[in-house]
Amino acid sequence: MTTLQRAEAAEHALSQELDRIVVKSVIFTSGERDPRQPVSRPPDDGRLYMMGHDPRLPKMPDKPTLFDFFRLRFGPSAHLLQSARLAMKNAVDEKIVLACLLHDIAIAGFIRSDHGYWSAQLVEPYVDEEVAWGIRYHQALRFFPDESVGYHYPELYRKLFGADYVPEPHIQEAYRQARQHKWYMTSRLITVNDLYAFDPSVQVELEEFTDVVGRHFRQPKEGLGFDQSPSAYMWRTINWPTRYL
Ligand SMILES: [Fe+2]
Ligand SMILES: [Fe+2]
């Protein structure tokens, strides 16, 4: 057995214990496995397929809030919390504090690739247009210095992507457009407060941002995922990531 086959067998054994059959989305495994190959699935032994809450995950409330997603579905969010705290310390507009708190939520709970765009789309129906715009473009702006506000090309990126990494043409074009936009500085301020060298000994609690979120994030009364907003389905997918359809 190859490593992948062994992993799949172990996973099958695990999913045998569930009373529903779980089939993973292609994007969960593409790369680890060739997406063109048929997905191996557990034997159909009369069980039904997963169509809701996955018992391996903590149960979400029926009307989940943004903080419920932070607590029950997102990975560790010290980066977001410390960036938002830094923004607060730098006395930027509250909307920018919120933007910093949310700028990488796609990485925290959804999809890394093109995270600025996914993060913006997730929050767009619930925040000021300017906040979503800033989040979308921070992805491109991160690669381009702006000495006027003391923003340099991140040393970390040299380590992560190599000294010769050059952003692709679509990222360069996004930067060029953002540079001329009236909200350029909103997005730029996200990058200025985007803290990578965070201090592991500093604990920031979500509650520190209860008021900012309360004032600037329009929490739907039905709960995130159950309103009819253009991104509700994305929140539902985070809530129920293993639904068959
Ligand atoms: Fe980011
Ligand atoms: Fe970030």
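Threonine 191 is found in helix H11 (residues 184-193), where helices are DSSP runs of H or I with at least four residues, numbered from the N terminus. At 1% relative accessibility, threonine 191 counts as buried, a term that means under 20% relative accessible area with a 1.4 Å probe and protein chains only. The side chain of threonine 191 reaches the backbone oxygen of arginine 188 at 2.6 Å. Leaving aside neighbours within four places in sequence, threonine 191 is in contact (heavy atoms within 4.5 Å) with His138, Leu141, Arg142 and Tyr151.

This is a predicted model, in which local features need pLDDT of at least 70 and side-chain atom pairs count only at pLDDT 80 or more, whereas totals for chains, interfaces and linings use all residues. Residues are numbered from 1 along each chain as written, chains are lettered from A and ligands numbered from 1 in the order written, and side-chain values use heavy atoms, leaving out hydrogens and water.

Donors are N, O and S atoms within 2.8 Å of the metal (3.2 Å for Na, K and Ca), and sites may look incomplete, since water is not among the atoms.

| Ion | Protein donors | Distance |
|---|---|---|
| iron ion (ligand 1) | Asp104 (OD), His115 (NE2), His138 (NE2) | 2.1 to 2.2 Å |
| iron ion (ligand 2) | His79 (NE2), His103 (NE2), Asp104 (OD), Asp194 (OD) | 2.0 to 2.2 Å |

Histidine 115 lies in helix H7 (residues 115-123) and histidine 138 in helix H8 (residues 129-141), so the pair ties together parts that are 23 residues apart in sequence. Both histidine 115 and histidine 138 are buried. Aspartate 104, buried with a relative accessible area of 5%, coordinates both iron ions, which are 3.6 Å apart.

Conventions
Helices (H or I, at least four residues) and strands (E, at least two) are DSSP runs, numbered from the N terminus. Buried means under 20% relative accessible area, exposed over 50%, partly exposed in between (1.4 Å probe, protein chains only). A polar contact is a pair of N or O atoms within 3.5 Å; within protein, one must be able to donate a hydrogen and the other to accept it, and residues adjacent in sequence count only if both atoms are side-chain atoms.
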